[in-house]
Amino acid sequence: MHEKPDKQLVQESLAGNQASFRLIVERTQDMVYRVAFRFLKDLHVAEDATQEVYLRLWKNLHKYRDGAKLTTWMYTITTRHCLDILKSQKFRSRLETTEQTGNLSEELDQVELHNNILKAADALTPKQKAVFVLRDLEGLSVKETSRILKMREGNVKSNLYYARKRIHEQVRKDYKVNTQK
Amino acid sequence: MNCNRAERLIYLENELNDRERAQLKEHIHLCPSCAELHASYIGMVSEVNQVEDVSPVDASRLTDNIMTGIFRPDEKIERSTFPGLWTRLGLSAVSLVLILSFYMEFNQAVAIKDSIGPSSRQVTHTAGTSILKKKNERTVSILALAEARKGMNLSNNNNYEID
């Protein structure tokens, strides 16, 4: 069956059709949740963030422009909301508590290496983390990333450089510490 | 190209143009330190590309929660039972008008009474005396009637006659 285009679903939702809005949710929620989890590293916080993202989408649905890509818009709303959470004092103190209770003596297998990469990403500034998540984890282009973050492409590249360098240096450090055991 | 410049290009390799990529390749060929950094970073990029995707534990439950959060069934009830801002403002305005009207009427009445006679307290007192007086008059009348009943004869046409 041919899928309804985003534009049609948005128009139907604006006309009060809840089933159409549900289709939008079903079509995009995996992406929204995945990005939220990449930023926030907590299942429950990511779920709450996902719900808030759709509430914001619903409230701003009338601003949807013809021809705009719904997924790009969703990336924008999700990233901005996650950045707001990352900047909040409550979340920062929570993250510090979680880091203190982390087990540093685990074996460095591939899963652990991936965890270390993501853990290193947590130490980045919100902007660096945003470009890393969107460009390296989500695979968006520099152009798309700059549009979502409302940042110049040169600025995106600069943040990418520092993000990748810091993560790489941290992972190399972790690897050396583990191989010395 | 120096090593600092090469390091920057290593971390931005995916974003380089052909010319920059060629310059980096040339530097790496000549610099073992940068070659090692490049190989290590390429290894990490490979791992980043394999970072496992995450998805909601229960996607349909999450969808339901999202929909319920937006389209709460009791939303309309809440709105209808709790007056809105304009309703509350309207009620406040009506109350204020009533209070002001009462205040003005009261002041006007006091002013009139002050201009035509004794103070309101005296008037009340006088009025009280007046009522009492009337009551006394009525009492006297009833007593007089009772006294009169002693010598009263009931006529056939049910009319009372006083002797």
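**Chain B against chain A**

At the start of helix 1 of chain B, B:Asn2 puts a side-chain oxygen within 3.3 Å of the backbone nitrogen of B:Asn4. Keep in mind that this is a predicted model.

**Helix 1 of chain B**
- Helix 1 covers residues 3-11, and its buried residues are B:Ala6, B:Glu7, B:Leu9, B:Ile10 and B:Tyr11.

**Size of the interface**
- Chain B brings 34 residues to the contact, and chain A brings 38 residues.
- Together the two chains bury about 3400 Å², with 61% of that on carbon and sulfur atoms.
- Of the area that chain B buries against chain A, 17% comes from B:Tyr11, B:Glu15 and B:Val54, more than from any other three residues.
- B:Tyr11 turns up here as well as among the buried residues of helix 1.

**Polar and charged links**
- Between chain B and chain A you'll find seven salt bridges.
- One salt bridge pairs A:Arg172 with B:Glu36, whose closest N and O atoms sit 3.2 Å apart.

**What chain B's side is made of**
- Helix 1, helix 3 (32-49) and helix 4 (59-70) of chain B each give at least two residues to the side that touches chain A.
- Helix 4 has the largest share of that side, at 11 residues.
- By type, the residues on this side of chain B split into 16 nonpolar, nine polar and nine charged.

How values were computed. Residues numbered from 1 in each chain as written. Chains lettered and ligands numbered in written order. Predicted model: local features only at pLDDT ≥ 70, side-chain atom pairs only at ≥ 80, totals over all residues. Heavy atoms only, no water. Buried < 20%, exposed > 50% of the residue type's maximum accessible area, 1.4 Å probe, protein only. Helix = DSSP H or I, 4+ residues; strand = E, 2+ residues; numbered from the N terminus. Polar contact = N/O pair within 3.5 Å; in protein donor to acceptor, adjacent residues only side chain to side chain. Contact = heavy atoms within 4.5 Å. Buried area = accessible area lost by both parts, 1.4 Å probe. Salt bridge = Lys/Arg side-chain N within 4 Å of Asp/Glu carboxyl O. Nonpolar A, V, L, I, M, F, W, Y, C, P; charged D, E, K, R; others polar.
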